[in-house]
Amino acid sequence: MKRSRINEIMQAADEMIRHYGFVLPPFAYWTPEQFRARPDAERIVARRMGWDITDYGQGNFDDLGLFLFTLRNGELADLQRGGGMCYAEKLLISRQDQISPMHTHVIKAEDIINRGGATLLIELYGSDDAGGFAEDRGGSVLCDGILRDYAPGEKLRLAPGESVTLMPGDWHAFWGEGGDVLIGEVSTVNDDLTDNIFRAPIGRFAEIDEDVPPLHLLVSDYDRWLAR
């Protein structure tokens, strides 16, 4: 993805987020130079909080892509010992017919919440005995606290205000139906480096063409831009 395109997506996403009554935290608006000058930002960097825009390495963001911003994130060590900051929170934007591809998680359980906009469509499949994708298996999910069984390939539609709880092993893809959707995600500790298991052999992060300077850093920029 061109950096200029990423900058445009950031600005449009910020406008949509504000439209639905949310405001991103102060560090969202730091320039790269301000980020470098903040030694107290080490936890933000270590927990990979911040901007995340991906085309899954396929070069076609409008059809296969996702906007995310990690607002807060705990530590895996806390989750493993069963106490402390065991949770994470994100805002996402799924555009109309823009697919976030079929995947599951090994560790993370997540509530996916339609925070505003159009309908969020989620396609669901279950896992085989080894945790792999199973096109002939369904499962069950909680929809706003109500247990609901799903058949393999069933499409769950969430209107604004509605939510679903996905557990490890619930394979899912999603996109906006009829328009763009602002999504909330509340989950256990988030690790985007290792805990996204895709059905297709694709990448989690975009490859960046640095045609202009970054407006703000992506979480995938931290290792390179903030190396000390």
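Predicted model: local features only at pLDDT ≥ 70, side-chain atom pairs only at ≥ 80, totals over all residues.
## Aromatic pairs

At 18% relative accessibility, Phe133 falls on the buried side of the 20% cut-off. As for where the two sit, Phe133 belongs to strand S6 (residues 133–134) and Trp171 to strand S11 (residues 171–188), so to speak distant parts of the chain, 38 residues apart.

The count of aromatic pairs comes to nine. Another of them joins Trp51 and Phe67: with centres 5.9 Å apart and planes at 70°, this one is edge-to-face too. Trp51 is in strand S1 (residues 50–54) and Phe67 in strand S2 (residues 66–73), so the pair ties together parts that are 16 residues apart in sequence. Both Trp51 and Phe67 are buried.

The charged end of Arg204 sits over the ring of Phe205, at 4.8 Å from the ring centre.

In soluble globular proteins, nonpolar side chains tend to be buried together. Here, the largest nonpolar core has 30 residues, and the ones touching the most other members are Leu24, Phe35, Ile44, Trp51, Ile53, Phe67 and Phe69. Helix H1 (3–19), S1, S2 and strand S3 (87–94) each put in at least two residues. H1 gives the most to this core, with six residues.

There's a second, separate core of 21 residues, with Tyr56, Leu68, Val141 and Val181 among its members.

## The chain as a whole

The chain has five helices and 12 strands. Its radius of gyration is 17 Å, which agrees with the value near 17 Å that a compact globule of 228 residues would have. Along the principal axes, the C-alpha trace spans about 50 × 45 × 35 Å.

Buried residues make up 50% of the 228 in the chain. The chain exposes about 10700 Å², and carbon and sulfur atoms supply 50% of that area. If you take contacts between residues at least 6 apart in sequence, 74% of them join residues at least 24 apart.

Asn190 is in the loop between S11 and strand S12 (197–198). Asn190 is buried, because its relative accessible area of 9% is under the 20% cut-off. Leaving out neighbours within four places in sequence, Asn190 is in contact with Asn73, Ala88, Lys90, Lys108 and Glu185.

Arg36 is in helix H2 (residues 32–36). With a relative accessible area of 37%, Arg36 counts as partly exposed. Arg36 and Leu226 are 190 residues apart in sequence, yet their C-alpha atoms are 6.0 Å apart in space.

Notes:
Residues numbered from 1 in each chain as written. Heavy atoms only, no water. Phe/Tyr/Trp six-rings, centres within 6.5 Å; stacked < 30°, edge-to-face > 60°. Helix = DSSP H or I, 4+ residues; strand = E, 2+ residues; numbered from the N terminus. Buried < 20%, exposed > 50% of the residue type's maximum accessible area, 1.4 Å probe, protein only. Lys NZ or Arg CZ within 6 Å of the ring centre and 35° of its normal. Rg over C-alpha atoms; globule rule 2.2 N^0.38 Å. Contact = heavy atoms within 4.5 Å. Areas by Shrake-Rupley, 256 points an atom, 1.4 Å probe, with all protein chains shown as cover. Core = buried A, V, L, I, M, F, W, Y, C linked by side-chain atoms within 4.5 Å.
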